[in-house]
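Trainee: I would like to learn how to read features in a model of this kind. Please take them one at a time.

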Amino acid sequence: MDVVALAPRLTFLRFPVGHVYLWAEPDGLTLVDSGTPGSAPAIADAIRGLGHRTEDVRRLVLTHFHEDHVGSAAAITAWGEVEVIAHRDDVPFIQGEQAGPSPDLLDWERPIYERVPAGLPADPPVPVRVGRPVGDGDVLDFGGGARVVGAAGHTPGSLGLFLPGPGVLFTGDAVARTPDGEVILGVFNADRAGAAESFARLAAVDAEIACFGHGEPLTEGAAGRLRAAASRRPADTGRP
């Protein structure tokens, strides 16, 4: 894992699979996603290396239920009084009450998807209780009034999160960035039409910085890059 400063309060924790982001304020820390199972010790080391304590984590926002995003949520909640926040439509999957839907794979996605398990731990995520279910337009008490952006499609309850003051957008897997830097619609979507609509909704946000679940963040001019990508993407195929 690499620790990369993106902005004065924003740190990127780069994992091989499933990135994590840390937002720091004087009254506590917020994590966006938790990585795969077993990632908590590395996240804790990063937090301490930045001069904080694990007990300073106040909230954990989960962008969706997939194991590379919720995998270490239960371990992180053991650090103290950590409020878990997720979209209400993914809550049953995160809490282990139901199995989440499988992706509706396109032909070109299948060979990529078949390689996914090789990069994941064998142990499944431990279910975790969501203390605050949210929906589109809800405002959270950090980041100058972080706004939830409903981004269904990748999963039923995928969400984006926009911090208006610093102009930071967390997209989860609704949007991704390839190794060569291209911004694309996220892959492995349960609802391709919904995912395309969510891509357009996230692109409409006036973001300066965009933080993706997979791929390197954009640290300037993010809105323009997302809008250009959304406008040229063939909506009927989902292929970048």
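Trainee: Is Thr-155 buried or exposed?

Mentor: Buried means under 20% relative accessible area, exposed over 50%, and partly exposed in between, with a 1.4 Å probe and protein chains only. Thr-155 has a relative accessible area of 1%, so Thr-155 is buried. Thr-155 is found in the loop between β9 and β10; helices (H or I, at least four residues) and strands (E, at least two) are DSSP runs, numbered from the N terminus.

Trainee: Which residues does Thr-155 touch?

Mentor: Contact means heavy atoms within 4.5 Å. Leaving out residues up to four places away in sequence, Thr-155 touches His-64, Phe-65, His-66 and Asp-90. The side chain of Thr-155 also makes a polar contact with the side chain of Ser-158, at 2.8 Å. A polar contact is a pair of N or O atoms within 3.5 Å; within protein, one must be able to donate a hydrogen and the other to accept it, and residues adjacent in sequence count only if both atoms are side-chain atoms.

Trainee: What kind of model is this, and how is it numbered?

Mentor: This is a predicted model, in which local features need pLDDT of at least 70 and side-chain atom pairs count only at pLDDT 80 or more, while totals for chains, interfaces and linings use all residues. Residues are numbered from 1 along each chain as its sequence is written, and side-chain values use heavy atoms, with hydrogens and water left out.

Trainee: What pLDDT does the protein chain average?

Mentor: pLDDT is the predictor's confidence in each residue, from 0 to 100. The chain averages 93, and 97% of the residues score at least 70. Over residues 235–240 the pLDDT is below 50, and this stretch has 11 contacts in the model beyond near neighbours in sequence. Where pLDDT is low, the predicted coordinates should not be read in detail.

Trainee: In what order do the five strands of the open sheet run?

Mentor: Strands of a sheet pair through backbone hydrogen bonds, either parallel or antiparallel. Two strands count as paired if DSSP finds at least two bridges between them. Here the order is β8-β9-β10-β11-β14, with mixed pairing. The edge strands, β8 (139–140) and β14 (209–212), each pair on one side only. β10 and β11 run antiparallel and are joined by three bridges; Phe-162 has Leu-169 in β11 as its bridge partner.

Trainee: Why does the span of α6 agree with its length?

Mentor: The expected span of a helix is 1.5 Å times one less than its number of residues. α6 (residues 192–203) has 12 residues and so should span 16 Å; its end C-alpha atoms are 17 Å apart, which agrees. At its N-terminal end, α6 is capped by Asp-191, with a side-chain oxygen 3.3 Å from the backbone nitrogen of Ala-193.

Trainee: Which elements do the buried residues of α6 pack against?

Mentor: An α-helix has 3.6 residues a turn, so residues three or four places apart point the same way. The buried residues of α6 include Ala-195, Ser-198, Phe-199 and Leu-202. The elements they pack against include β9 (146–150), β10 (159–163), β11 (168–172) and α7 (222–232).

Trainee: What phi does Asp-33 have?

Mentor: Most residues other than glycine have a negative phi. Asp-33 has a positive phi near 70° and is placed in the loop between β4 (28–32) and α1 (40–49). Phe-188 is not a glycine either, and its phi is positive, about 60°. Phe-188 lies in the loop between β13 and α6.
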